[in-house]
Amino acid sequence: MKLSEIYKSTVPILSFEVFPPKPEVPLENVMGLIGNLKEYSPSFISVTYGAGGSSRDRTIEIASRIKREHGVESVAHLTCVGQTRSEMDRILADLKENGISNILALRGDPPRNQPDFDFLRGEFKYASDLIEYIRQKGNFGIAAAAYAEGHRGCRYIDKDWENLKRKVDCGVDVLITQLFYDNRLFYHFRDTVRKMGVKVPIVPGIMPIFNSRQIRRILSLCGASMPPDVLIMLDKYGESDQDMYRAGVEYAIHQIQDLMSEGVDGVHLEIMNKPELAEDVLKGLPRV
Ligand SMILES: Cc1cc2nc3c(=O)[nH]c(=O)nc-3n(C[C@H](O)[C@H](O)[C@H](O)COP(=O)(O)OP(=O)(O)OC[C@H]3O[C@@H](n4cnc5c(N)ncnc54)[C@H](O)[C@@H]3O)c2cc1C
């Protein structure tokens, strides 16, 4: 089923994000995890794409098997940085042959060790170029990334949201946000882009905090901010993995409850391939 159909639902849509394991780890590990996640009847499971396409084959295989073996809809993440149009044609054909109906279309980050990488020299400069291309070439549902705090590469937040509006106008069915921990930022973002004419569903990406070192690293990489209550929580529980995990799950439950009370279109749970994290968060919530 295409994303546009999925989000016609009148109840909030639950979805999960998983990532392909490292090449030396058997795929069956992640396929077992999918079996666990299926228990929660997600509307789809998305599979991330390793930086620079490093996990391409595994992303496609996992997304394909999620559908084929588990009967759950899937979304394959896909980045266009450094790709030519003819390479993209091959990837889109591969996705189609593998029965994948939905793509989360992204620009991607600069290659590692090339901080001065010039995106403007590529055949695809922005995610909007990829979205336009997919719309012309294939019959896919298309999701795109959004940033409640603005993308870290854009100096002005209002400029980033103008770019987002342009991207949506290229043919996006749904926006999924980068993680955030202060819902007020999301509400401000959502209200602002709605006023700018963005009409597609806007789904918060939620990553429950389960380890203080890991979350500090993730935030430093993606540029999302740490609100004071999360900082206090990390100071208080960060020394004990068990206490941190419990506090992080509790925080995610409150965060999602609040988002649901404000009528979000769905919740995209980034559970870092930890099914127990999905279970502990979801059991604290009414059916999402
Ligand atoms: C939900 C989600 C899932 C993700 N999954 C992955 C993944 O699987 N693999 C991966 O490698 N990365 C992933 N990322 C990270 C993403 O690749 C990076 O954040 C990347 O830096 C930007 O990608 P984008 O698609 O948002 O880019 P774009 O939408 O192209 O935006 C990139 C920057 O360019 C600016 N911009 C856009 N259009 C224009 C224009 N016309 N003129 C000037 N400036 C412009 C934007 O304001 C922004 O600063 C994900 C991010 C999110 C939020």
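Trainee: Which residue in β2 is the bridge partner of serine 15?

Mentor: First, the basis. This is a predicted model, in which local features need pLDDT of at least 70, side-chain atom pairs count only at pLDDT 80 or more, and totals for chains, interfaces and linings use all residues. Residues are numbered from 1 along each chain as its sequence is written, and side-chain values use heavy atoms, leaving out hydrogens and water. Strands (E, at least two residues) and helices (H or I, at least four) are DSSP runs numbered from the N terminus. Two strands pair if DSSP finds at least two bridges between them. In β2 (residues 44–47), serine 15 has phenylalanine 44 as its bridge partner; β1 and β2 run parallel, joined by 4 bridges.

Trainee: What is the bridge partner of serine 15 in β9?

Mentor: Histidine 268. β9 (residues 266–270) pairs with β1 in the parallel sense over 5 bridges.

Trainee: Is β1 buried or exposed?

Mentor: Buried means under 20% relative accessible area, exposed over 50%, and partly exposed in between (1.4 Å probe, protein chains only). In β1 (residues 13–18), 6 of the 6 residues are buried, so the strand is largely enclosed by the rest of the structure. One side carries Ile13, Ser15 and Glu17, the other Leu14, Phe16 and Val18.

Trainee: How are two packed helices described?

Mentor: By the angle between their axes and the distance between the axes. Axes are lines fitted to C-alpha atoms, for helices over the stretch in contact (heavy atoms within 4.5 Å), and angles run from 0 to 180 degrees between N-to-C directions. Helix α10 (residues 241–261) packs against α11 (residues 275–282) at about 55°, with the axes 9 Å apart.
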